[in-house]
Amino acid sequence: MTNPEITPRTLYDKIWDAHVVDRSESGTCLLYIDRHLVHEVTSPQAFEGLRMTGRKVHAPERTIAVPDHNVPTTLDRQNGIENEESRIQVDALDRNARDFGVEYYPVNDIRQGIVHIVGPEQGWTLPGMTVVCGDSHTATHGAFGALAHGIGTSEVEHVLATQTLIQSKSKNMKVEITGRLAPGVTAKDVVLAIIAETGTAGGTGHVIEYCGEVIRNLSMEGRMTICNMAIEGGARAGLIAPDETTFEYVRGRPHAPKGAQWEAALAWWKTLHSDEGAHFDKIVTLRGEDIAPTVTWGTSPEDALPITATVPAPEDFQAGKVDAARRSLEYMGLKPGTKLTDIAIDAVFIGSCTNGRIEDLRAAADVLRGRKLAANVRGMVVPGSGLVRAQAEEEGLDQIFIDAGFEWRLAGCSMCLGMNPDQLAPEERCAATSNRNFEGRQGYKGRTHLMSPTMAAAAGVAGHLVDVREFAAENA
Amino acid sequence: MDKFTTLTGIAAPMPLVNIDTDMIIPKQFLKTIKRTGLGVNLFDEMRYDREGRELPNFVLNQPAYRDAQILVAGDNFGCGSSREHAPWALLDFGIRCVISTSFADIFFNNCFKNGILPITLPQEAIDALMEDARKGANARMTVDLENQTVSSSDGQEFHFDIDPFRKHCLLNGLDDIGLTMEKAGAIDSYETQMAQARPWV
């Protein structure tokens, strides 16, 4: 353990040190978990494990459950879930939440939504906390300066039973984005550009702290988009030091501290930043001005390029990646040398824990106002939570999407992973605001191009991938 | 959890980089509420066509590798989703060890909870083991956890590193929830202390 009196510490070091319950001789630590988020897919076996061993949930007041992966997003879902296996999983979560006494937002509660949108929205996620969930995109909560990461089902059971995790400390990595972003460039473009630079294994074994002027100037929504995809860069977690933007977002949320406790919390939160001279094992710096609207062409998030580029050839890659690139191109049905802006699309998906928040919907609606999806392009907007949906409706965004030809859905993970009826057909090509373009991710043989909400909306109108900067100028 | 001590078995070569957990076990199989029975759907979309017929080119469909217990894989194996269904599917198929140049963190952790040993070795070692795995069913590799070695069929030996706590748990098949519950006193006193220091949490 570093001595806080003399050794400058990173933000990660500070949160880690504040949560160590026990330290073994080998250096492995027992880390206390402040918040445990639970969804229906990765938890049934964990609750079953508790039942079989007669164990209880150690701290039900720190545990929040919400169904999101399996739930249909069509308006008729209050009539029940048609798919039997999905229904069984959601019913199991209902029962487990009730039996073990944890806070629960059922399918038809307005607070229901994607777990990583619900946590911050309800004020469950606060700076300096440790947050885990049986879901890799738990990294999202790092935007608050909380140490947040995904765990497997065995670890879900471990946290339920003990409110701790056995952990070895990761290394510190700093990703600094200097300067300013050009108009039309968003948080999503920044994180795709980072992953293109570092690779999907670039952050393996590390916790990344994102910093720099570009990050400081982002809203909480934008910061969540960045941290959400830390996992796509291989990092266990992403972190952004809390500041006034964070405190403003948290203030007044249902589970945020109030009164004297707010003041005490604020005083501690203000100490949560990396000290001058703190050691980072790895540092990557990008210039904000160099980042263009970015899209993926392949089947790994690192296959990302500026929209002005062309589809690469397998020979452009180093030895170990040539076969993977060839496989990606074949899967995606793309020829090297094709301009990215010449790639025609069939579908647009706006939503997910990466880009399903109100700011994302506003940005997409701004592009779509008074416009329509191109013929043969289908579109779906899936708000990240019931509250995001209600807010969007209050602002009239739903009507803009509906007028443009989009389906306006209920909250859930939807087509990001297609565990529910929302899927791509084989070879259907989608401009998606989600986080993974893996083979089969959005549907068997489905083809995913990752991008920002504005880029996805513009692509939907144009019928092909498009540079949102030129699109805006031409359609002004 | 089954103990892992030594393993001698057939190793299947999977040189592709970035094999993600969606490839290992596609989402449609995550709707189970059990841990078992996923082996038949391991690598489902690479292994079968849409009608469920085996694709003969896929390595685990080839006669030499149908009983493989070891995978030798490309870089960044297990990236993507945290689904523990990935190691459950590997285990259910019969895979007890995966060897690669690197693993995604969550998948790596999940393996140890299920008696699967993920081994990280440098590129030169992976190249040699990949070559050895390509020899098929007659080439059996041996993994010795106690001595932290992998031996190829022609006797080349490679030493690997492993966290001592994880090694101990694997060698003895220990359930770490039980181990942590022995520290209930430390957890209680942490909670008491935090109720004072950070009461808003």
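1. Start with Val131(A): opposite it in strand E7 of chain A stands Ala148(A). Strand E6 (residues 130–133) of chain A and E7(A) run parallel, joined by four bridges. Strands here are DSSP runs of E, at least two residues long, and helices are runs of H or I, at least four; both are numbered from the N terminus. Two strands count as paired if DSSP finds at least two bridges between them.

2. A word on the source. The model is predicted: local features need pLDDT of at least 70, side-chain atom pairs count only at pLDDT 80 or more, and totals for chains, interfaces and linings use all residues. Residues are numbered from 1 along each chain as its sequence is written, while chains are lettered from A and ligands numbered from 1 in the order written.

3. Now the whole sheet. Five strands of chain A form an open sheet with parallel pairing, in the order E5-E4-E3-E6-E7. Strand E5 (103–104) and strand E7 (147–150) are its edges, each pairing on one side only.

4. Next, strand E3 (residues 35–38) of chain A. Three bridges tie it to strand E4 (residues 63–65) of chain A. Leu37(A) has Ile64(A) as its bridge partner.

5. Back to E7(A). Side chains in a regular strand alternate between the two sheet faces. Leu147(A) and His149(A) lie on one side, Ala148(A) and Gly150(A) on the other, and all are buried (20 or more other C-beta atoms within 10 Å of the residue's own, with C-beta atoms placed from the backbone).

Key
Buried ≥ 20, exposed ≤ 12 C-beta atoms within 10 Å, placed from the backbone.
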